[in-house]
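Let's go through a structure by asking what backs up each label.

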Amino acid sequence: MITEPGNGAKGEIILEMRGLRIEGQADDQWHEIVHDIDLDLRRGEVLGLIGESGAGKSTIGIAAMGFARPGCRITGGSIVFDGIDLRAASEEEKRKLRGARIAYVAQSAAAAFNPAHKLIDQYCETPVQHGIMPRAEAEAAAKDLYRRLQLPDPDNIGFRYPHQVSGGQLQRAMTAMAMSCRPDLIIFDEPTTALDVTTQIEVLAAIKDIVRQFNTAAIYITHDLAVVAQMADRIMVLRNGYLIEEGGAGDIIAAPKEEYTRQLVAVRSFRKESQVEIDQDRPLLKVENVTASYGGLVMVLKDVSMEIHKARTVAVVGESGSGKSTLARVITGLLPPLEGKIYYGNEEMPAALKHRNPEQLRRMQMIYQMPDTALNPRHRVREIIGRPLEFYLGLRGLDREERIRELMSMIELEADDFIDRFPGELSGGQKQRVCIARALAAEPELIICDEVTSALDQLVAEEILKLLQRLQDELHVSYMFITHDLATVRAISDEIVVMLQGEVVEQGDKETVLTPPHHEYTELLLSSVPEMDPDWLDNLLAKRECGVA
Amino acid sequence: MAVTTLESALATQPSPWASRLAVAAVHFFVLVLFLESLRDNTWWAILGILLIHVYSVLMLRFWSNLERSTAGDTLIVTLTLEYVLIAVLFWDRFSAWPWSAFFGLFLVQACACLVVRFWRELSKAPPTAWFGLVVILLYVLVAATAPIIAPFTETEIVGAEYELWGGQFLLGTDNLGRDMLTRLVYGARNTIGIAFVATCLAFFIGAFGGFMAAALGGWVDMILGRVVDVLMAIPSLIFALLLLTILGTSIPVLIVIIAVLDSTRVFRLARAVGMNIVVMDFVEVARLRGEGLWWVIRREVLPNAMPPLVAEFGLRFCFVFLFLSALSFLGLGIQPPTADWGSMVRDNATLISFVVDDFQLGIMPLLPAAAIALLTVGVNFVVDWFLHKTSGLRDDH
C-alpha cells in the first residue's frame with residue numbers, strides 16, 4: 001500500500017459493480033465489449049484500471065456514472081453507487097449525482113474546457129448549479145483548491161481563459177473543477193497521457209495529494225503501468241473487455257501472475273544490442289548551424305548542428321515545443337531554414353523541397369506519429385506501398401507486385417490477407433507497419449521517425465521498435481528518431497540529441513549523455529520518467545524538495 | 001445447345017468476368033435471333049415471349065449453380081428480359097429508334113447492376129430515398145427512350161389548339177396544337193440532358209479550381225478566389241441573361257454560361273474540403289515523395305473529397321435545372337420549337353386564368369411545372385439520404 005488515508009475511514013464500499021456487461025455498435029451490429037466485470041471501490045481508495053486501447057477501461061470508468069457513450073449500451077449487471085442503483089435510477093436522479101458526487105476528469109483538458117469562459121466561471125458552475133454553495137463561496141473555494149494544487153498565482157489564475165494557461169496547469173484546473181463539490185468518487189481518464197514527462201510529474205503529484213487530503217475514492221484509468229503504480233492502491237488489468245488480473249499495486253508490479261501482466265511490467269526492458277563502428281569523417285547527414293522559424297518572428301530553431309552516421313540511430317529528445325519536429329521539417333525541405341546548411345554525404349542539399357530531385361528525395365524517407373492521418377484512407381495497402389516503387393524505381397506490373405509482397409513479409413504482415421485492405425481495416429500497429437514499408441519501398445538511407453510509437457499501445461510500440469531495429473541490422477539504414485519518451489531513447493538509440501526551446505543542450509553517444517554528469521535539463525528529463533516502483537513518485541518528490549531546500 | 005457448351009466451358013470456373021461475358025454474349029445472340037424471327041407475326045411474337053420466359057428460367061437455374069449472388073443476377077436478367085419483352089410488343093417503335101432502344105436497355109441493365117451492387121445500403125434506405133431514386137430512374141428512362149414513348153414527334157402540330165384531355169391526346173394539346181404528353185416527354189430529355197451536362201462541366205471546373213487553390217495556396221489561391229468573388233457578386237440570373245443576350249442563345253453557349261456561373265459555388269466547397277485534406281500527413285508524404293500537383297489532386301485529395309462533392313452534385317443539379325427552366329421561361333434558354341419544361345410553362349401560362357371555369361385547361365401550364373418540382377424533390381430526397389449516410393450521423397434514440 002502506498003498511502004494511508006488522511007482522514008475518514010477507508011472501508012465503506014462506495015461503488016459496487018456486479019457482472020457488468022456493455023455492448024458497442026459497429027457496422028449496425030451490437031458486440032459485447034465489456035464482459036462480466038465485478039468492481040468494488042471503497043471510500044478513500046484509488047483503483048487503477050489499466051489496459052491497451054480497446055480494453056474497455058474508459059467504458060467501465062464512464063459506466064461508474066451510470067452513463068454509456070453514444071453507440072454503447074449497458075446490457076447487464078448492476079452498478080450501485082452508495083446504495084443507489086444507477087441502472088434503475090432515472091435520468092434526473094443521475095443528473096443530481098453527476099458533478100456533485102461523481103466527477104470526471106477527461107484526457108484532454110484543452111478539449112474538455114469551454115474556450116469561451118474563464119476557468120473560475122467553469123469551476124463555479126457545478127456547485128452553484130447543484131445548489132451546494134453560493135457563487136462567492138465557490139470562488140473562494142476555487143482559489144483554495146488552486147493553491148493546494150500548486151498552481152502559480154492561485155488568486156488570479158482562475159480569471160484566465162483556458163488557452164492562456166499551459167497544458168499541465170489546465171489539467172490541474174480540471175482536477176480542481178472535478179473537486180469543486182467534494183465528490184465521493186472521481187474518475188480520472190488518462191489525465192496525463194497528453195502531457196510531457198516533466199509536466200506529468202506535477203499533475204501526478206497534485207492529483208495524488210488532493211485525493212489523499214479529501215479522502216476521495218478515485219478510479220484512475222491509464223495505459224501506463226508505471227504511472228498507475230504511483231497513484232493506485234489496487235490495480236485491475238483489463239484486456240479486450242475481460243478482467244485479467246486484480247491486486248494491490250505493489251503485488252502486481254512485484255509478482256504479476258498472468259502472462260499478459262508480466263509483459264506489461266517488462267515492457268520497457270528492450271535494449272539495442274548491436275553497435276556499428278562509424279566513420280567519423282563521413283557522416284551521412286550533416287546539419288550545420290541551422291536557424292529556422294515559422295513566419296520569421298519567433299526562432300523555433302537556433303543554431304542547431306548535428307550529424308547522422310550510416311546505420312546509426314540518433315534520437316532527438318525534447319518536450320513539446322522544443323523544435324524537434326521542426327528540425328525534421330527543415331531536413332526534409334518542408335521548411336527552408338533562414339540560415340545554415342544541410343549536407344547529405346558530400347553534396348549540399350537544396351534548402352527547399354521543390355529544388356530537390358527525386359534521387360535526393362528517395363534517400364530520405366519519413367514515418368509519422370499518427371498512422372491514421374499518414375495513410376490515405378481511400379488507398380489500398382497495395383497502392384500505398386506500390387506507389388514509391390513505381391515512382392522512384394519504375395517498377396511495374398509483376399515486378400512491383402513481387403516487391404510489395406517482399407516488403408510486406410519484411411514488416412511481418414501476411415500479404416494475401418492485407419494487400420487489398422484499406423487503412424481503416426487495419427489496427428494501429430499494422431498501420432504503422434505499412435508506413436514503415438512505404439518508407440522502405442524507396443530504399444532509403446535515412447529514415448526520419450517522428451514520434452512513431454507515441455500513438456501506439458506499449459506492447460505494440462515495443463514490437464514496432466524491435467521491427468525497426470531488425471530492419472536496421474539487415475538493411476543498414478540510419479534513423480533519426482524524434483521522441484519525447486526516454487524509454488524509447490534508451491531502447492533504440494546510438495546517439496542522443498537533447499533539445500530545449502529550439503537549442504541543442506546536450507548531444508553525444510548514448511552512454512555519454514545518459515551517465516552523469518548531465519546537463520541539468522537532461523537530468524530533469526531523465527528523473528521524470530516513471531519507473532515500475534510504487535514509491536518512485538514519493539521518493540522523487542522528497543528528493544527534489546531536499547534539492548530545493 | 002448453347003447452354004450445354006457453355007456449361008462444359010464454365011465447369012472449370014475461369015474468372016468470374018470471363019464467365020459473365022460469355023453468358024452475356026450467348027444471351028445477346030439468342031435474343032437477336034428471336035427478335036429477328038418475330039418481326040411481323042403476332043402469333044410468333046407470343047410464342048417468342050413464352051420461349052424467352054422458358055429460356056430465362058432455365059438460364060437462372062443453370063446460373064444458380066454457378067454464381068454466388070443468384071438473387072442479384074436473377075434481378076438483372078429478369079429486368080433485361082422484361083425490357084426485351086416490351087421491345088418485342090412494341091417492336092415497330094423500338095426498331096424505328098434503335099439508338100434510344102439500346103440506350104434504354106443499357107440504362108435498365110446499369111440500374112439493375114447498381115441496385116445489386118449497393119443492395120446492402122439500399123435495403124436500409126428510408127422510403128423517401130427510395131421514392132427519390134424511383135423518380136430519378138423513371139425520369140432518366142423516359143428521357144432516354146423519349147421517341148419510343150412519345151405518341152407523336154417533338155415539334156409536330158397534330159390537332160387544334162388547347163384540346164382537352166383524353167382521346168387521341170392523353171394530356172391535351174398546347175397553344176400551337178402540339179401534343180402535351182409528347183412535349184413533356186421530350187422536355188425531359190432536353191431539360192435533364194442540358195442540366196446534367198452543365199452540372200458536370202461546372203463540377204469539373206469548380207472542383208479542379210478549388211483543389212488547385214487548396215493545394216497550391218498563396219497567390220494562386222488569391223487570384224482564383226478573387227475571380228470567383230467577382231463572379232459571385234453579380235446576381236447570377238441577371239449575369240446569365242446579359243451574357244446570353246451578348247453571345248446569343250445556342251445550346252453550347254447556354255451550357256458553358258450556366259457551368260461557369262455555377263462552378264463558383266463548387267469552387268468554394270471544393271476549396272474548403274480540399275483545405276482540410278491537404279494538411280493531412282498523407283498529402284505531405286506525397287509531396288515529400290516529389291509527386292506533382294495533378295497526382296496530388298487526383299489521387300490524394302479527390303477520393304477523400306468525394307462524399308461532400310457527390311452530395312453537392314445532387315443539389316447543384318437541382319439548382320441548374322431550375323435555373324435553366326427560369327431562363328427558358330424568360331425566353332433566353334432553350335429556344336422553340338425544342339420542347340423544354342420552362343418554356344412550356346411560359347407558352348401555356350395564360351391558361352392559368354381559366355382554372356376557375358375549366359379545371360383541366362387551367363392546370364395545363366402546371367404540368368411541366370409539376371414535372372420540374374417532382375424531379376427536384378426526388379433528387380433532394382436522395383441527397384439527404386446520402387448526406388446522412390456519409391456524415392455518419394446516427395439517430396440517437
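What follows is a conversation about a predicted model, starting with the chains and ending at the interface.

Student: Why is Phe239(B) called buried?

Tutor: The cut-off for buried is under 20% relative accessible area. Phe239(B) has 15% relative accessibility, so it counts as buried. This residue belongs to helix H12 of chain B, residues 236–247.

Student: What does Phe239(B) touch?

Tutor: Leaving out residues up to four places away in sequence, Phe239(B) touches Leu231(B), Ile234(B) and Leu261(B). As for Ile257(B), it sits 18 residues from Phe239(B) in sequence, and their C-alpha atoms are 9.3 Å apart.

Student: Where does helix H6 of chain A lie?

Tutor: Helix H6 (residues 167–179) lies across S6 and strand S7 (185–189) of chain A. Its direction is at about 170 degrees to that of S6(A). On a scale that runs from 0 to 180 degrees between N-to-C directions, that puts H6(A) at about 170 degrees to S6(A).

Student: Which sheet does S6(A) belong to?

Tutor: An open sheet of six strands in chain A, ordered S6-S7-S8-S3-S9-S10, with mixed pairing. From one strand to the next, the twist averages 15 degrees.

Student: What makes S6 and S10 of chain A edge strands?

Tutor: Strand S6 (102–105) and strand S10 (242–248) each pair on one side only.

Student: How do you know that S3(A) and S9(A) pair?

Tutor: Pairing takes at least two bridges. Strand S3 (residues 46–50) and strand S9 (residues 234–239) of chain A are joined by four bridges, so they pair, and they run parallel. In that pairing, Leu47(A) is opposite Arg234(A) in S9(A).

Student: What is the order of the four-strand sheet?

Tutor: That open sheet in chain A goes S2-S1-S4-S5, with antiparallel pairing. Strands S2 (29–42) and S5 (84–85) are at the edges, since each pairs on one side only. Strand S1 (residues 13–26) pairs with S2(A) over ten bridges, with Leu15(A) opposite Leu41(A). Eight bridges tie S1(A) to strand S4 (residues 72–81), and Glu23(A) has Arg73(A) as its bridge partner there.

Student: How do you know that S4(A) and S5(A) count as paired?

Tutor: Two bridges join them, and at least two are needed, so they pair; the sense is antiparallel. Phe81(A) stands opposite Ile84(A). The two strands form a hairpin with two residues between them, and Asp82(A) in the turn has a positive phi of about 50 degrees.

Student: How many residues meet where chain A and chain B come together?

Tutor: On the chain A side 25 residues are in contact with 19 residues of chain B. The two chains bury about 2000 Å² between them, 53% of it on carbon and sulfur atoms. The rule also finds three salt bridges across this interface.

Student: Why is the contact of Arg387(A) with Glu291(B) called a salt bridge?

Tutor: The limit is 4 Å from a side-chain nitrogen of Lys or Arg to a carboxyl oxygen of Asp or Glu. Here N to O is 2.6 Å, so the pair qualifies. Arg387(A) is also among the buried residues of helix H14 of chain A.

Student: How many residues does H14(A) have, and how far does it reach?

Tutor: Helix H14 (residues 381–393) has 13 residues and reaches 18 Å from first C-alpha to last, close to the 18 Å expected at 1.5 Å a residue. Gly394(A) follows H14(A), with a positive phi near 65 degrees.

Conventions
Residues numbered from 1 in each chain as written. Chains lettered and ligands numbered in written order. Predicted model: local features only at pLDDT ≥ 70, side-chain atom pairs only at ≥ 80, totals over all residues. Heavy atoms only, no water. Contact = heavy atoms within 4.5 Å. Expected span 1.5 Å × (residues − 1). Buried < 20%, exposed > 50% of the residue type's maximum accessible area, 1.4 Å probe, protein only. Buried area = accessible area lost by both parts, 1.4 Å probe.
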